[in-house]
Amino acid sequence: MLATEALDPTDRLLAERACERLIIEFVHKLDLGDPGEVAELFVDDGVWEWAEGDRRIQGRDALRSYFAGRPADRLSRRMCTNILVTLTSETTATATTYFTTYCVDGYANGFVPPRIPTQVGHYEDTFLKVNDLWLLRSRSLFLAFAGPTESLEPATKP
């Protein structure tokens, strides 16, 4: 019998939902909150990395600095779907989430005419339950489609 098979169905659902909420909180903090707060969703030595390239950030302080360093005039919206959480033990889980990111720099206010997505890909996450709280242990980003972040032209006054 697998360790997760012994879990009460309610406990399993609560754990899966807690991990799903972390996934959603991550993008909410980036798009609508304080990006530096993303670090609080990770364990102390948590890791954020891009599967291709050399972008690997480890530890809460480094994560806070990295995400807080995003341009203040960036407008972004991430759409997440197909969230599949798998419990691997009573205190560990994994997830795969598809995402699409719309993003521009140079945003001042108002709405921006529609754009094609800047990124389309998926996240692969690992989670750890610490003192009854589920946290991200690692998040890896895999891109299927990507382009540069567009910079908006400054608004001209009539």
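1. Two strands are said to pair if DSSP finds at least two bridges between them, and strands themselves (E, at least two residues), like helices (H or I, at least four), are DSSP runs numbered from the N terminus. In this sense E4 and strand E7 (residues 150-151) pair in parallel over two bridges, with Val104 standing opposite Glu150 in E7.

2. For orientation, this is a predicted model, in which local features need pLDDT of at least 70 and side-chain atom pairs count only at pLDDT 80 or more, while totals for chains, interfaces and linings use all residues. Residues are numbered from 1 along each chain as its sequence is written, and side-chain values use heavy atoms, with hydrogens and water left out.

3. Strand E3 (residues 75-87) runs antiparallel to E4 over 11 bridges, the two being joined by a hairpin of four residues, and Arg78 stands opposite Thr101 in E4. E4 also pairs with E5 in the antiparallel sense, over 10 bridges, where Tyr98 stands opposite His122 in E5.

4. Burial is defined by relative accessible area: under 20% is buried, over 50% is exposed, and values in between are partly exposed (1.4 Å probe, protein chains only). Strand E4 (residues 92-105) is largely enclosed by the rest of the structure, because 10 of its 14 residues are buried.

5. The aromatic residues deserve a separate look. Rings of Phe, Tyr and Trp (its six-membered ring) pair if their centres lie within 6.5 Å, with planes under 30 degrees apart counted as stacked, over 60 as edge-to-face and the rest as tilted; a search of the whole structure finds eight such pairs. One of them joins Phe26 and Phe67 edge-to-face, at 5.7 Å centre to centre and with 85° between the planes. Since Phe26 lies in helix H1 (residues 9-32) and Phe67 in helix H2 (residues 60-68), this pair ties together parts that are 41 residues apart in sequence. Both Phe26 and Phe67 are buried.

6. The rings of Trp48 and Tyr123 have centres 6.4 Å apart and planes at 55°, so this pair is tilted. Trp48 belongs to strand E1 (residues 42-50) and Tyr123 to strand E5 (residues 119-130), so the pair ties together parts 75 residues apart in sequence. Trp48 and Tyr123 are both buried, and one aromatic cluster includes Phe26, Phe67, Trp48 and Tyr123.

7. A charge sits over a ring if NZ of Lys or CZ of Arg is within 6 Å of the ring centre and within 35 degrees of the ring normal. Arg139 lies over the face of Tyr123, at 3.7 Å from the ring centre, and Arg55 lies over the face of Trp50, at 4.0 Å from the ring centre.
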